[in-house]
Amino acid sequence: MKHPKSLHPANADELAAIALETGAEVPRGALRYPSESGGWRLGDLDLSEHLDKYRDQQLVVIIGSLGRAGAERVICGICGFVLNDVGGCPRCKLVTEEAAKELKERQEAEEALFREIEEILEQAGNTMSQG
Ligand SMILES: [Zn+2]
């Protein structure tokens, strides 16, 4: 796919300023896909959701590239940790592993307690039947 021609930044600023003066919206940012809702994202804007308020209206759309956007910083949606690449969050993984370990230890402690109770009941039963 051929890359679109980039605008000169000064021309882009001028164009944006004029558009803003007319009352037009000028969203600006890196265009990414997908957004949280599965559509396009422009900067922090969920473009699909945003465009929904313009549904069934006649629009004029001016699109200008300012060149390739840098690599995206991926942030964990659960804890906010900045990830180096898309994939599992090491911080959340650690928390999950620690919680699992704690649950397992608690379960083992409960099982040991139940075994102890069973043994006591068994001994009490033996004592009763013998007596
Ligand atoms: Zn996380």
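Domain bounds here come from an automatic or database domain assignment. On that basis, the chain splits into domain 1, covering 1-71, and domain 2, covering 73-131. Between the C-alpha centres of domain 1 and domain 2 there are 49 Å.

Before we go on, please keep in mind that this is a predicted model, in which local features need pLDDT of at least 70, side-chain atom pairs count only at pLDDT 80 or more, and totals for chains, interfaces and linings use all residues. Residue numbers start from 1 along each chain as its sequence is written.

Let's begin with glycine 23, found in the loop between helix H1 (9-21) and strand E1 (31-32). Helices (H or I, at least four residues) and strands (E, at least two) are DSSP runs, numbered from the N terminus. Glycine 23 counts as exposed because it has 6 C-beta neighbours inside 10 Å. The cut-offs use C-beta atoms placed from the backbone: a residue with 20 or more others within 10 Å of its own is buried, one with 12 or fewer is exposed, and anything in between is partly exposed. From glycine 23 to glycine 125 is 102 residues in sequence and 88 Å in space, C-alpha to C-alpha.

Now follow helix H3, residues 90-130, to glutamine 130. The 41 residues of H3 should span 60 Å at 1.5 Å a residue, and its end C-alpha atoms are 59 Å apart, which agrees. That expected span is 1.5 Å times one less than the number of residues in the helix. H3 is hardly covered, with a count of 0 buried residues among its 41. Glutamine 130 itself counts as exposed because it has 6 C-beta neighbours inside 10 Å. Glutamine 130 and serine 65 are 65 residues apart in sequence, and 92 Å separates them in space, C-alpha to C-alpha.
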